[in-house]
Amino acid sequence: MPRFSVIVPAYQVQAYLHACLESVLSQSYPDLELIAVDDCSPDACGAVIDEFAARDPRVRAVHLPENTGLGRARNAGMERATGDYLVFLDGDDTLTPDALLALADRLKETGEPDVLVYDYARTYWAGEAVRNRVAAELTENGPAPFRLADRPGLLNLLMVAWNKAYRREFVLSAGLAFPPGYYEDTPWTYPVLMTAESIATLDRVCVHYRQRRAGCILRTTTDRHFDVFDQYDRVFAFLDGRPELERWRPVLFRRMVDHLVTVYTRRDRLPRGSRAAFLRRARAHYRRYRAPGAPVPPRARVHHTLVRLGLHRTYRALRLAAAARRRAARLTGRLLCGLRRAALRGHYRFQRLLPLRAGHVLFTAHAGRGGDPGALESAVRDLAPRLRTAWVSGPEHHHTLAPGTRRLLPGTAAHWTALARSPYLVTDTDTEPGLVKRGGQILVRVQRGTPLGHEGLDLQERPAAARDTDFARLLADVDQWDYVVSADRHSTLTWERVFPGRYTTLEYGRPRTDRFHTATGADVAALRKSLGIPPGAVAVLYAPARRDYLRTQPRLLDLERVARRLGPRFVVLARGHHPRQGPLEAASDRVLDVSGHPDLTALCLASDALVTDFSPLMFDYAVLDRPVVLHADDWEAYEAARGLYFDPRSVPPGAVAGSEDDLIDIFASGHWRGARSALLRAAFRDRFCPHDDGRAAERVVRRVLLGEGSVPPVVPLDERRPAPPAAAAPGTPPPDTPPVGTAPLGTPPLASPPLASPPAPRQSAPRQSAGLLAVTDGG
């Protein structure tokens with residue numbers, strides 16, 4: 001008897017069925033049977049099912065003699081199911097990796113409930129993935145299992161069969177089955193939730209719900225959408241026979257009206273000329289099943305009134321009026337925006353006629369706050385407190401600014417005034433379109449990261465990565481730069497070639513890494529606590545490089561599998577590229593999504609090692625002198641699309657993993673922190689971190705803002721005080737020493753305690769921090 005019976009009905013989904021079935025059979029939890037039902041599909045669905053059945057004994061092929069519809073096809077699958085739990089999956093959807101393993105673990109944890117409800121994400125044909133908007137209803141906080149009365153908010157979820165796992169004995173004893181017709185999930189899901197004695201939730205995306213551009217039932221214009229009335233007749237008939245469920249009648253009545261309104265208002269469902277008839281039937285259902293007591297949200301009251309009175313012509317008039325109002329609002333908005341732009345341009349021209357405000361420095365950063373501009377502003381406040389600083393950033397970053405720093409919203413009159421009258425402009429991003437640098441103004445450009453992938457004019461030969469880059473505007477922007485801050489000789493030579501201009505290069509190091517030399521043990525401990533990392537855990541920061549030649553970002557590592565294989569003491573900090581990447585699906589609290597964290601420097605400080613592929617982050621991280629591991633399985637694709645100035649595998653900052661299993665082995669064996677990795681990292685630091693001694697920002701401020709002829713000399717690498725190594729866990733073999741016996745996979749090679757004492761100012765930060773491991777491929 002398998003644990004799961006996965007039932008997949010298939011009808012005219014030949015283009016998607018292979019991916020659907022493969023997503024089931026490739027699950028890391030193999031205790032399953034896959035019942036694929038060919039609903040007499042006229043395309044190749046039946047042949048695809050037979051192909052899978054021939055190659056895998058877990059697949060049971062069912063061919064129906066005639067088309068019966070989605071509900072009856074599911075019933076045919078249930079009749080042949082033998083598993084403990086039933087899982088339904090439509091033929092054009094897919095299970096996420098490790099979904100069944102997460103289901104099995106949650107079922108065991110909650111005592112084998114009748115129903116387990118889990119989450120999904122909508123995946124669109126253009127590549128975008130959007131998680132369910134009411135996922136908060138699936139929180140695992142609180143007692144479990146429970147009954148519907150304890151969590152009535154579950155009725156707000158999408159009423160479908162494929163976001164739940166059902167105990168087969170419960171389904172059989174309750175006599176549940178799918179009816180014929182469209183919207184067959186409605187009279188199945190409500191009875192299931194109302195009669196289940198025990199329900200549990202899983203706050204994890206387990207299904208990718210494909211939003212097809214064309215061909216799905218909900219985008220089919222047909223009179224069969226009138227089936228929704230029959231389905232609600234079945235729902236209320238079910239209630240009529242069970243007086244103990246009468247309490248749910250007002251809730252179901254409100255849900256019915258909302259559903260009927262949805263069908264009625266969607267243009268792509270009902271044929272022309274049938275809307276009036278649909279609304280008449282909706283009015284009859286409203287009067288037949290009306291159950292006062294369910295509160296109606298204010299925004300829905302108009303629609304409920306239209307259904308109650310059957311006001312088809314009124315609805316048409318309201319819709320036309322709303323469309324006219326939207327058009328008028330758009331035109332008015334465009335006019336106001338045009339007037340505002342013209343007013344700001346006039347304001348900027350007038351401000352340029354006024355004298356510069358001596359001692360004012362304006363900072364702008366790509367992410368709103370932080371990075372190199374943030375480090376330079378901190379140095380200005382320390383070394384030149386007489387200078388007045390201002391930041392251009394959104395209100396979400398204002399709380400991070402130091403007291404006394406002026407806060408400016410982008411695009412406002414105050415912003416343009418500062419652009420016109422500040423003697424010093426510091427930025428790591430493109431300047432505002434329309435900026436005219438006047439005499440006496442100095443623009444300092446700090447580049448974001450050391451160049452590894454092609455940049456600037458080199459992207460002219462890489463159209464996939466360049467996308468819509470305006471190279472003429474890029475060069476016009478370069479012509480306004482006075483100084484460019486460079487980290488090392490490689491960066492200097494590259495920037496001056498790909499951004500040709502008359503600026504002066506300041507090869508002083510990376511200002512943002514100065515913080516690595518001043519952070520204390522208390523700082524690191526506070527960062528760990530704020531990130532939710534358990535005490536004594538080894539954290540893995542996974543920050544993949546953005547594949548800007550792709551619309552959606554690939555999943556390069558199975559994060560949950562990595563964390564599971566490394567053992568319970570490891571925690572993965574996943575830094576993705578939202579919003580295009582879609583949800584980062586974590587199956588446990590050991591995979592933490594830190595994509596929205598505003599401070600990448602803080603994430604680096606709160607970690608013990610880095611895993612990366614093509615990210616400039618590897619150069620910053622090398623300043624910490626902590627282990628770095630390279631991992632990517634698309635080297636050739638990245639180099640062909642983006643181009644590389646050198647192959648990082650030829651001069652790696654540490655161990656190189658050729659696959660996910662290699663990466664796991666590197667950590668489990670301790671080679672990530674071994675002697676060979678240390679030698680590679682030392683050579684990498686010699687080449688790319690010669691100036692990063694904690695005084696890079698000071699050198700820039702003294703040279704540019706204070707006008708000093710000489711700047712502090714660079715402290716050689718061999719003279720920078722190294723940090724004491726972290727203590728190894730008891731019984732852990734030394735680095736690069738084969739473990740004695742057969743230690744379990746995942747035994748951490750060291751138990752990194754928090755930093756014991758703060759480093760001296762302007763000296764190297766600790767090489768090993770408080771028990772975290774940073775894993776990235778280039779984010």
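Colleague: What does buried mean, and what does exposed mean?

Modeller: Buried means under 20% relative accessible area, exposed over 50%, and partly exposed in between, with a 1.4 Å probe and protein chains only. This is a predicted model, where local features need pLDDT of at least 70, side-chain atom pairs count only at pLDDT 80 or more, and totals for chains, interfaces and linings use all residues. Residues are numbered from 1 along each chain as its sequence is written, and side-chain values use heavy atoms, with hydrogens and water left out.

Colleague: Is F238 buried or exposed?

Modeller: F238 counts as buried because its relative accessibility is 15%. Its place is in helix 7, residues 227-240; helices (H or I, at least four residues) and strands (E, at least two) are DSSP runs numbered from the N terminus.

Colleague: Which residues is F238 in contact with, leaving aside neighbours within four places in sequence?

Modeller: Contact means heavy atoms within 4.5 Å. F238 has P191, M194, T195 and L245 as such contacts.

Colleague: Where is D488 found?

Modeller: D488 is in the loop between strand 15 and helix 16. With a relative accessible area of 0%, D488 is buried. Beyond four places in sequence, its contacts include T450, E507 and R687.

Colleague: How far apart are the C-alpha atoms of F238 and P187?

Modeller: They are separated by 8.5 Å, while F238 and P187 are 51 residues apart along the chain.
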